[in-house]
Amino acid sequence: MLVVRAAGAIVGVAALESLGDGTIDLAEILVHPLAEHTGVGSLLVKAALQQARRMKAKRIMTHAQDASGRDFFIHRGFVAIDDRRLERKP
Ligand SMILES: CC(C)(COP(=O)(O)OP(=O)(O)OC[C@H]1O[C@@H](n2cnc3c(N)ncnc32)[C@H](O)[C@@H]1OP(=O)(O)O)[C@@H](O)C(=O)NCCC(=O)NCCS
């Protein structure tokens, strides 16, 4: 679990899970609505990629809830593998 705090409050969280085949699942990433578009989500993705590299993962995958979430991940190097799932190398 990755947590971003600002002024003592939690403004973003992300959950990473190893699927055991060299894949890390970035299962959830959620930023508080008041903290969106301030770089918190980017920070969480960066930390998730660092953790995946430390774990020597071959790929990191994630799931987009909607089109804007999908664009967010595509702008961060992920490639869509179907309507909802995306992946990239760490
Ligand atoms: C998708 C989500 C995680 C993005 O989080 P975020 O904190 O808004 O992400 P960022 O602020 O890092 O980036 C969002 C956009 O704001 C821009 N941005 C970042 N910092 C900025 C700043 N200081 N000023 C202006 N714009 C900024 C980024 O460039 C980015 O645009 P881009 O994708 O075109 O590059 C967030 O909107 C969210 O929690 N959504 C609901 C849950 C969800 O869909 N999760 C994903 C699937 S599990």
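User: Hey, which element gives the largest share of the shell around the ligand?
Analyst: That's β3, which contributes 4 residues to the shell. Keep in mind that this is a predicted model.

User: Which elements each supply at least two residues there?
Analyst: β3, α1 and α2 (67–74) each do.

User: And which residues come nearest to the ligand?
Analyst: Out of 18 residues around the ligand, the nearest are Val 31, Glu 36, Gly 41, Ser 42 and Gly 69.

User: How does the shell split by class?
Analyst: There are 9 polar, 6 nonpolar and 3 charged residues in the shell around the ligand.

User: Switching to the sheet: what's the strand order?
Analyst: The order is β1-β2-β3-β4-β6-β5, an open sheet of 6 strands with mixed pairing. β1 and β5 (79–80) are at the edges with a single partner strand each, so one side of each has no neighbour in the sheet.

User: In what sense does β5 pair with β6, parallel or antiparallel?
Analyst: Antiparallel, with 2 bridges between β5 and β6 (residues 85–88). Within that pairing, Val 79 sits opposite Glu 87 in β6.

User: Which strands does α1 lie across?
Analyst: α1 lies across β1, β2, β3 and β4 (59–63), and it runs at about 30 degrees to β2.

User: Is Ala 7 buried or exposed, and why?
Analyst: Exposed, because Ala 7 has 5 other C-beta atoms within 10 Å, and a residue counts as exposed at 12 or fewer.

User: What about His 37, what is its phi near?
Analyst: Phi of His 37 is near 60 degrees, again a positive value in a residue other than glycine. His 37 is in the loop between β3 (23–31) and α1 (40–54). His 37 counts as exposed because it has 8 C-beta neighbours inside 10 Å.

User: Last one, Gly 20. Where is it?
Analyst: Gly 20 is in the loop between β2 and β3. Gly 20 is exposed too, with 6 other C-beta atoms within 10 Å.

User: And how far apart are Gly 20 and Leu 30 in space?
Analyst: They are 24 Å apart, C-alpha to C-alpha, with a separation of 10 residues in sequence.

Notes:
Residues numbered from 1 in each chain as written. Predicted model: local features only at pLDDT ≥ 70, side-chain atom pairs only at ≥ 80, totals over all residues. Buried ≥ 20, exposed ≤ 12 C-beta atoms within 10 Å, placed from the backbone. Near = placed C-beta within 6 Å. Nonpolar A, V, L, I, M, F, W, Y, C, P; charged D, E, K, R; others polar. Pairing = 2+ DSSP bridges. Contact = placed C-beta atoms within 7 Å. Axes fitted to C-alpha atoms, helices over the stretch in contact; angles between N-to-C directions.
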